[in-house]
Amino acid sequence: MARKFKTMDGNNAAAYVSYAFTEVAGIYPITPSSPMADYVDQWAAQGQKNIFGTTVKVIEMQSEAGAAGTVHGSLAAGALTTTYTASQGLLLMIPNMYKIAGELLPGVFHVSARTVAAQSLNIFGDHSDVMSCRQTGFAMLAESNVQEVMDLGPVAHLAAIKGRVPFINFFDGFRTSHEIQKIAIWDYKDLAEMVDMDAVAAFRQRALNPEHPTMRGSHENGDIFFQHREACNPYYEALPEIVEEYMGKVNAKLGTDYQLFNYYGAADADRVIIAMGSICDVAEEVIDYLNAHGEKVGLVKVRLYRPFRADKLIAAIPATAKKIAVLDRTKEPGALGDPLYLDVITALATAGITDKTVVGGRYGLGSKDTPPKSVFAVYENLAQDKPKDHFTIGIVDDVTNSSLEEKESANTAAEGTIECKFWGLGGDGTVGANKNSIKIIGDHTDKYVQAYFQYDSLCGLPQPLLYHQGLPHGPRCEARRHLPD
């Protein structure tokens with residue numbers, strides 16, 4: 001199918017997709033997810049129709065907890081409902097998330113993953129918020145860049161409708177949510193063709209209705225609660241195949257190859273990284289460079305994080321891989337390892353695979369940059385006889401000495417790439433001007449464009465800005481953003 005190209009950021013892509021499947025949106029703004037709800041609100045006010053031929057009803061509450069309650073109530077009443085959030089806002093939704101999942105309601109939360117405040121507040125990106133929701137019962141689908149948000153966002157809605165399990169659809173805050181790329185967009189007719197309307201009708205039939213009343217959310221004692229808690233197991237066991245089914249439909253329409261776990265790199269790689277999120281694009285550039293220079297390395301990109309299918313992960317790892325580095329974008333103090341690392345260790349151990357060395361690392365907390373040299377350092381670590389475990393990249397840890405040494409690396413950008421960096425002072429209009437400039441270039445030329453605008457959270461101080469434009473199949477840029485010395 002032929003698709004139109006449009007220049008937009010990740011939030012715009014998520015909003016565009018979600019609007020198609022949404023009848024009610026319960027919202028409360030929080031950085032960096034606010035633009036998603038803003039777009040939906042604007043389109044609803046303009047009378048734009050979803051794939052069901054109706055306008056989305058937008059309800060703004062007084063907190064994220066209220067927005068989650070709206071989502072719960074609206075789903076119980078038979079309306080396909082969506083919300084958009086991040087960080088502490090997502091944490092305020094957790095009590096309702098347990099109920100939404102426990103009652104098998106097909107809601108979707110689009111999350112621009114953001115740091116949860118710890119020793120200090122940080123409004124930028126990592127996975128600490130979505131990792132706090134692992135026990136809620138929500139499925140989790142991850143994307144690496146703006147195009148993937150557009151392509152895979154529908155899978156969360158489609159699988160939720162058919163599988164009756166709610167989804168967190170997440171991508172990296174700012175790094176993806178605010179990065180502008182020229183991408184191919186869906187036609188709503190193609191999205192409508194993939195919806196299981198029988199599942200939609202069944203969902204509406206289960207809605208609360210005074211014409212055929214049912215009791216919901218009743219109290220259960222110890223004699224039956226456990227049994228009923230286990231009764232949801234078949235839905236989670238069936239869900240990965242449902243996600244695969246819809247990824248297959250997306251692939252058939254787009255000519256892509258989205259899988260639960262996608263492998264990139266040498267077919268006979270001996271060193272492999274496993275990760276999810278925007279680091280995957282950086283890793284691909286490094287892999288291309290290393291493999292072109294005689295090395296054999298690769299990357300497994302995690303798409304469906306929950307439910308976690310161990311057999312699909314193992315199938316994606318080359319049999320030749322002897323050393324694996326699992327990269328998490330969160331920190332779980334006191335644990336034996338961070339979440340994705342522990343999942344990989346468990347998957348391999350359960351399958352009886354003992355011939356691979358697996359180490360874990362942390363990256364990108366609070367939007368700490370992860371440039372190519374950090375990924376080079378990971379592969380260099382794996383090349384050691386005894387690779388460092390529980391390491392960090394992108395920082396110098398002089399307290400517990402967890403960091404890997406990073407050296408200046410070669411330029412991994414594609415040949416012919418044009419890169420520009422603009423610096424602006426806060427309030428001088430540079431950000432808005434450059435956003436408009438990159439959209440003009442993307443929408444009115446045949447060039448591929450990519451732009452990232454990074455600014456700190458302190459108002460009124462000089463603020464540097466990165467602007468990045470590439471030719472077709474150009475680079476994935478990593479911004480360098482800091483206050484001037």
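Predicted model: local features only at pLDDT ≥ 70, side-chain atom pairs only at ≥ 80, totals over all residues.
Two bridges link β2 to strand β4 (residues 81–85), and the pairing is parallel. Both strands belong to an open sheet of seven strands. Its order is β3-β2-β4-β5-β7-β6-β12, and its pairing is mixed.

The edges are β3 (57–60) and β12. Each has a single partner strand, so one side of each has no neighbour in the sheet. On average, neighbouring strands here are turned by 20° against each other, with direction ignored.

An open sheet of three strands runs in the order β1-β8-β18. Its pairing is antiparallel. The edge strands are β1 (5–9) and β18 (450–451), and each of them pairs on one side only.

β1 and strand β8 (residues 180–184) run antiparallel and are joined by five bridges. Within this pair, T7 stands opposite K182 of β8. Helix α1 (residues 10–21) lies across β1 and β8. The helix runs at about 115° to β1.

## Strand β11 and its two partners

Strand β11 (residues 297–302) is mostly covered, with six of its six residues buried. In a regular strand, side chains alternate between the two faces of the sheet. Both faces of β11 are covered. V297, L299 and K301 are buried on one side. G298, V300 and V302 are buried on the other. Note that a lysine, K301, is among the buried residues.

Strands of a sheet pair through backbone hydrogen bonds, either parallel or antiparallel. Strand β9 (residues 261–265) pairs with β11 in the antiparallel sense, over five bridges. There, Y264 has L299 of β11 as its bridge partner. Strand β10 (residues 271–275) pairs with β11 in the parallel sense, also over five bridges. In that pair, V272 stands opposite G298 of β11.

## Packing of α3 against α4

Helix α3 (residues 64–76) and helix α4 (residues 87–102) have axes that come within 7 Å. The axes cross at roughly 25°. The cut-off for roughly parallel is under 35 degrees, so α3 counts as roughly parallel to α4. The crossing of α3 past α4 is right-handed.

On the α3 side, the contact residues are E64, A65, A67, A68, G69, V71, H72 and L75. They meet G89, L92, M93, N96, K99 and I100 of α4. By class, the residues of this contact are eight nonpolar, four polar and two charged.

P32 is found in the loop between β2 (24–27) and α2 (34–45).

The peptide bond from R306 to P307 is cis as well, with omega near -5°. P307 lies in the loop between β12 (304–306) and α12 (310–316).

R164 has a positive phi near 65°, and R164 is a residue other than glycine. R164 sits in the loop between α6 (146–163) and β7 (167–172).

F174 also has a positive phi, about 65°, although F174 is not a glycine. Its place is in the loop between β7 and β8. Is F174 buried or exposed? F174 has a relative accessible area of 4%. The cut-off for buried is under 20%, so F174 is buried.

## The loop at D389

D389 is in the loop between α14 (372–382) and β15 (391–392). Its relative accessible area is 29%, so D389 is partly exposed. Leaving aside neighbours within four places in sequence, D389 is in contact with Y341, V358, V359 and G360.

D389 and V326 are 63 residues apart along the chain. Their C-alpha atoms are separated by 9.9 Å.

Key. Residues numbered from 1 in each chain as written. Heavy atoms only, no water. Axes fitted to C-alpha atoms, helices over the stretch in contact; angles between N-to-C directions. Helix = DSSP H or I, 4+ residues; strand = E, 2+ residues; numbered from the N terminus. Parallel < 35°, antiparallel > 145°, perpendicular 65-115°, else oblique. Left-handed = near helix turned anticlockwise from the far one by under 90°. Contact = heavy atoms within 4.5 Å. Nonpolar A, V, L, I, M, F, W, Y, C, P; charged D, E, K, R; others polar. Pairing = 2+ DSSP bridges. Buried < 20%, exposed > 50% of the residue type's maximum accessible area, 1.4 Å probe, protein only.
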